[in-house]
Amino acid sequence: MPPHTNNTTKLPHCYHQVRTFINARIKWVRDPYLDFAVQREKDLKEAISLKNQVLSTPSKTLPLSTASLLKPHLNLPTTTSNFSLKYPSLFLHSQSPPHLKLTPQFLSIHKDESSIHNSPTHRNDTVRRLTKLLMLTKASKLPLYVIERFKWDLGLPQNYILTLLCDYPEYFNVCEVRDDRSGEEVLGLELVKWREELAVSELERRVGKDCYLGGKTGVRIMFPMCLTKGFELEKKVRDWIEEWQALPYVSPYENAFHLSPNSDQAEKWAVAVLHELLWLLVSKKTERENVFCLGEYLGFEGRFKTALVHHPGIFYLSNKIRTQTVVLREAYRKDFLVEKHPLMGMRYRYIHLMNKVPKKKRRKQAVGLASGAKREVASRSNGERVEGKEEM
């Protein structure tokens, strides 16, 4: 397998090896649409994880005594019992002995989602995206704990090593890799060989890599930008961005570590890597800590953090649902994905079901509202009588 370090971009002498970013503060402006796109998925990942735990048992039910131990493992915001009670359209509680099981509607969507995971088209797409993720690294390999961080965002099946990767031995190999963070050998995933046909970024694909050829034909690749309404950059920042966009585009699948790490050109390469990473994800977003974890392994150190700060028109950072989420702006029109992956369609169905209020609960709410309205009318009526007596 040709190592990634051999795929070095031969940069012409005119490439900028200096830092020209001006000393200006770029403020963060909230984007309500992208915040909603993140907020909409509140508790979804945790609900799916709990579903998978229930289905992993032979009886397809989970004793509440066992479920209570899963709170830290599933990153639940409350106890497992309270979490399941919060979503009665997803989970059912049975007594004697206390067990947790799935509602028929929840199970039905799960079966539809499983059909997508098992389809040849989707499996090939997942393999392609996972291959490209590994190709973004220096040695075409990643520790499994890093891949686990992106498992949800990549749309990998529950037991992806056994149910997916084992069927593609010509692509992947489970191996040992050195973890620079701990200095120890850990389990990892590597590519069996470099796939040159996949070494094309999304931006290169749009202009046609055959036309681009590293910029030799004069085709300039620029990053799409979209600022939140009301977001205004200082003129000197706008001028710098225009100059930065005019720099040659370096493919994220090339090795450009010989560039001065603090140069504008190196920053454009780091933005290209981050852009491609987000594009490979089914929801075009991921938690900021996932980005930083991968960046640390790639040897990018603080480059991704700089990219997020300097380029709010390309990336948006949302503070919703108890974390910070990096969103690729161009992938969304308001709060909707421009290109919706089939798995995202399933997730929206899950969300719709989560937000459904059972009929019994609706009746209770309606009765409560009616009773409250009657009390308010009676109160007003009594008040009017009292006022009438006072006037007499």
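Author: Happy to! This is a predicted model. Side chains of opposite charge can pair when their charged atoms come close. Here, glutamate 46 and arginine 322 form a salt bridge, with their closest N and O atoms 3.9 Å apart. The pair links distant parts of the chain, 276 residues apart: glutamate 46 sits in helix α2, and arginine 322 in the loop between β8 and β9.

Reader: Is glutamate 46 buried or exposed? And what about arginine 322, buried or exposed?

Author: Glutamate 46 is buried because its relative accessible area, 10%, is under the 20% cut-off. Arginine 322 counts as exposed, at 51%.

Reader: Which helices hold aspartate 112 and arginine 349?

Author: Those two form a salt bridge as well, at 3.0 Å between the closest N and O atoms. Aspartate 112 lies in helix α6 and arginine 349 in helix α17, so the pair ties together parts that are 237 residues apart in sequence. Aspartate 112 is partly exposed at 31%, and arginine 349 is partly exposed at 33%.

Reader: How many residues apart are aspartate 125 and arginine 129?

Author: They are four residues apart in helix α7, which means about one helical turn separates them.

Reader: Which residues do salt bridges with shared partners join into one network?

Author: That network consists of Asp43, Glu46, Lys86 and Arg322. In total, the structure holds 19 salt bridges.

Definitions and conventions. Residues numbered from 1 in each chain as written. Predicted model: local features only at pLDDT ≥ 70, side-chain atom pairs only at ≥ 80, totals over all residues. Heavy atoms only, no water. Salt bridge = Lys/Arg side-chain N within 4 Å of Asp/Glu carboxyl O. Helix = DSSP H or I, 4+ residues; strand = E, 2+ residues; numbered from the N terminus. Buried < 20%, exposed > 50% of the residue type's maximum accessible area, 1.4 Å probe, protein only.
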